[in-house]
Structure formats: C-alpha cells, structure tokens
Amino acid sequence: SSGLGGLGWNAISAALPLVASLVVSLVLAPWFGDRQFGIYFLAMTVATFALIPAKFGIHVATSRLLSENEDEPGPWLRAGLLARTAFTLPTAALLVLLAPFLAEHLGSPDQDAAFALAAAVVVSTSVFEFATESLVGLHAFRAQVAARMAALALRLGAVFLVRFGGYSVVVFLAAHALAFLLPGLLALGVLLYRCPGRPTVAGIRRTMSVATPMAFASASFLIYSHTDRLMLGWMHGPELVAQFGVARNVIDAALFPAVALTWSLRPGMVRALREGGVNGLRPGLREGTRLSLGYVFLAVALFAPIGDRLLTGLFGSEYRDAGLYFLALLPALALRGATTVIFPGMVALDRQAAYGRLMGLTAAANFVMNLALIPRFGAWGATASTFVALLALSIGGVRHLRADGCTGFIRNGLVGALPALAAGIACSLVLSVARARGMDWIGLFALAALLGLSSAGFLLRRNPPRLGTTQAERSSDAP
C-alpha cells in the first residue's frame, strides 16, 4: 500500500464500524421504537457471543501466518478457511435451533425469526472478517478498506431502505447479513484465485495453535462488552436494552479519537522501545497520555451540560432515559479515553499475555457485578459495573507499565493537558449558560461543535502532537 500507508488505512478501517453503528441508531431507533430496537440489539448481541466459537481467533491467526509466509500464502489461507468453516457452520446451526429458547428468555417470545437470523449474521460476519483480516496479513490495506467501505455502503443502504420502506427488524437483520456477506465473498474469492495452493494438516494444526490463545482473549473482551445487554434483556426486557444500547452506541462513537490514537501509538512505541529501550518508550507514553487526557477533558466538558438534551433531540422523546444513561456513562468514557496508552504500551513491552489476563479478570469482575446489580438497579447497575471494571483494568495496566520501568508518564501527561482542562471548563460554562437561557438542542449541538473544534484547533497549534519522534530526535532539535 502507498499513500496513507498501513497505519492510516487501519485507522480509517477502525472508524467505519463506529460510524455505521451510530447511523443505525440515529435512523432506526426512532422508527422501530424502544421495544423493536431492543430486539435488534439483543439479536446482534446473541450473534456477537456466538461469534466467539464461530471465529475462534482463526481470522487473526491466519492474518499473522500470511504475513509470515508471504512467498507462499495459498496453503495458509486455505488451512485457515477450512478451520474457520469447521467452527462457523455448526455454531450457526446450533443458533437456529436455540432461537425459540432465546426469544422466550430474552423477553421477545414472538420474535423467533429475529434470533434465527442471528445465525445469518454469524456466517456473514465470519466470512467478512476472515477475508478482510487475510487482506491485512498480505498488506493489502487499501483493499481491506475498500471491502469495509462496500459493507458500510450496503449496510447504510439497508438502513434507509428499512426506514423509508417501512420494513421490520427481521428484514433489517437479513439485509445486515447480506451487506457483509457479499463483499466478504468477493474479497475471499479474489484471494483464493490469486493465492493458489493446497492446505496441509500441519498448516491447520499451526493455525489452531496460534488461534487458541487469541480466541480466549477475544472472548474476555466480548464478555466484558456485551454481557450487560444480555442480562438487561433477560431480567428487564428489550425496552431497557434499547435505552442503554443507544447511550452506549453514542459513547462508543465518541471514543473514536481514542481508538485512532491507539492505532497511531502502537507502531511508534514498538520502534521506540527497539531503538531506545524503556527510556525511549517514555516520551511516547507521556505524549499519548497528554493527547488522550486533552481529548477527555474537552469531550466530557462538552457533553456533560447538554448530553441528555442531545440524545432526546437526536432519537426522540421516547429515549429520554437513554440521555440520562449517557450522562452516567461519561465517567467510563473519560476513563477509557484517558488510558489509551495502556494497550499499545504493553504490546510494545511484549506483555500481551499479561494484558490478556487483565482482560479476563476485567470480564469476570464485570460479569459478577452485572449479576449482582442489574436485577435490582437495571441499566444503572450496568453503568456502575462498566466503570468499576474499566477502573480495575486501568489500575492493573498502569501497574504493569510501572513495573517495567515506565514511570512518570501520567503526571507529565496531566501537566501537559492542563490547557485542555481550562478550555473544557470554559466551554462547559458557555454551554450551561446557553441551556439555561432556553437554547434548543440544535443550537446547543452547533455551539458545542463550534467550541470543540475551535478549542481543539487552538490547543493543537499551540502544542502539536509529537508521536513519530524519539527522545533523541527531540533533543537534537532543542536550542
């Protein structure tokens, strides 16, 4: 790939699912209403959990093995595809059989078809992710983005077709599955044509040995991310799932700058550690912390005074509770955004196994807290569980970095982010006054966008990001 390079294409690729999820919520949540949209959330959550055994980390393992065997990728591609098929098809078949049971116990006994179509989502997603990760393994980053853009366009087309054609949740789930299956099959067909070869038993065994630890790490993350929706549906019904899910979707979209920063930090930190050891890693940790804290200060300051008004304006008065859950999730947004450096830092230090254990403990703690709090407190319990689990992950990650000699980056990053804190306080005061004087949600949204963009522009010009330079390079530039 040329142009943006792998890093830029990966950052764009990471943004696309967030954009799609936000558009789905904005267009379909008001149309379906909270019950039907909650059923959509529950069907997709069931599909997400089913994808744990259906994928089993094989797409990531195949991507890595293709990178290691670029001269003869065909046998590895086919070995991964055979293994993936052996896991995906039985999982999808089992999900079809379980559809009536799931519909009954998740508060939607009349929606067997929606949960049966979750199996189609599993198959299409499995094909799509296998194909696109294989493209990454062969460094075909632009082709991966093209496949994701095609899926995004088809999915958005389905959104507007369902909305303006007056179709149901079941139709949208079928269209969603097709939106990923078609570009996935096309990309996979091109790969199989261009990479001839035959799979081997040794190749399948090697694929599974690489995939297995990745599958457990992925399972931990998905349990942490989606258990609350299943428990909310099981204990309180699909309406509450919709209210909480809408709030979480907006929070996830707001976290895109943190996701993009993670992509930007990973290769630079690996290079910095290789060139300068732990001392060479510290500037990247400090700069990443400064940028992430700066974003958190501005984002929370802009959302806190008006977030509930924005959500009811965007999604309708039926989602008033979603606005309150959104405000309650802002501490989780702040914590997730502020600790962006933990994952790339631990990867650079070759502490992936430790991060996997941390993620497993986080998922377990989140599950136990959800089980204890959701029955009585509903979505408020899910919100508290999310924050406490993130706090445990953050503390554990920082302790691992400090144990490896990476100290002082939080303090120094915080000092560097103080101008953003001051700007955020000023923006928050302006928005609070505007709301108190009766400005409608459209005006508040426009004012928040203006304040946020102008503040970010000023702060970045005042102190531009320095993510691509080592400590030695910075010292050579000093007067």
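Which helix does Gly-280 lie in? Here are some friendly notes to read beside the model.

1. Gly-280 is found in helix α9 (residues 256-303); helices here are DSSP runs of H or I with at least four residues, strands are runs of E with at least two, and both are numbered from the N terminus. Gly-280 counts as buried because its relative accessibility is 13%, buried being under 20% relative accessible area, exposed over 50% and partly exposed in between, with a 1.4 Å probe and protein chains only. Met-269 is eleven residues away from Gly-280 along the chain, and their C-alpha atoms are 8.4 Å apart.

2. Before going on, a word about the source: this is a predicted model, in which local features need pLDDT of at least 70 and side-chain atom pairs count only at pLDDT 80 or more, while totals for chains, interfaces and linings use all residues. Residues are numbered from 1 along each chain as its sequence is written, and side-chain values use heavy atoms, leaving out hydrogens and water.

3. Now the whole chain. There are 18 helices and zero strands, and 51% of the 479 residues count as buried. Take the contacts (heavy atoms within 4.5 Å) between residues at least 6 apart in sequence: 82% of them join residues at least 24 apart.

4. Next, look inside. A nonpolar core is a set of buried Ala, Val, Leu, Ile, Met, Phe, Trp, Tyr and Cys residues joined through side-chain atoms within 4.5 Å. The largest one has 63 residues, and Leu-28, Phe-37, Phe-172 and Val-246 have the most contacts inside it. Helix α1 (residues 5-55) gives the most to this core, with 17 residues. Leaving aside residues up to four places away in sequence, Leu-28 touches Gly-33, Phe-37, Val-159, Val-162, Arg-163 and Phe-172.

5. Finally, compare two helix pairs, using axes fitted to C-alpha atoms over the stretch in contact and angles from 0 to 180 degrees between N-to-C directions. Helix α4 (residues 112-137) packs against helix α6 (residues 169-194) at about 25°, with the axes 8 Å apart. The axes of helix α8 (residues 238-254) and helix α14 (residues 379-403) cross at roughly 35° and come within 10 Å.
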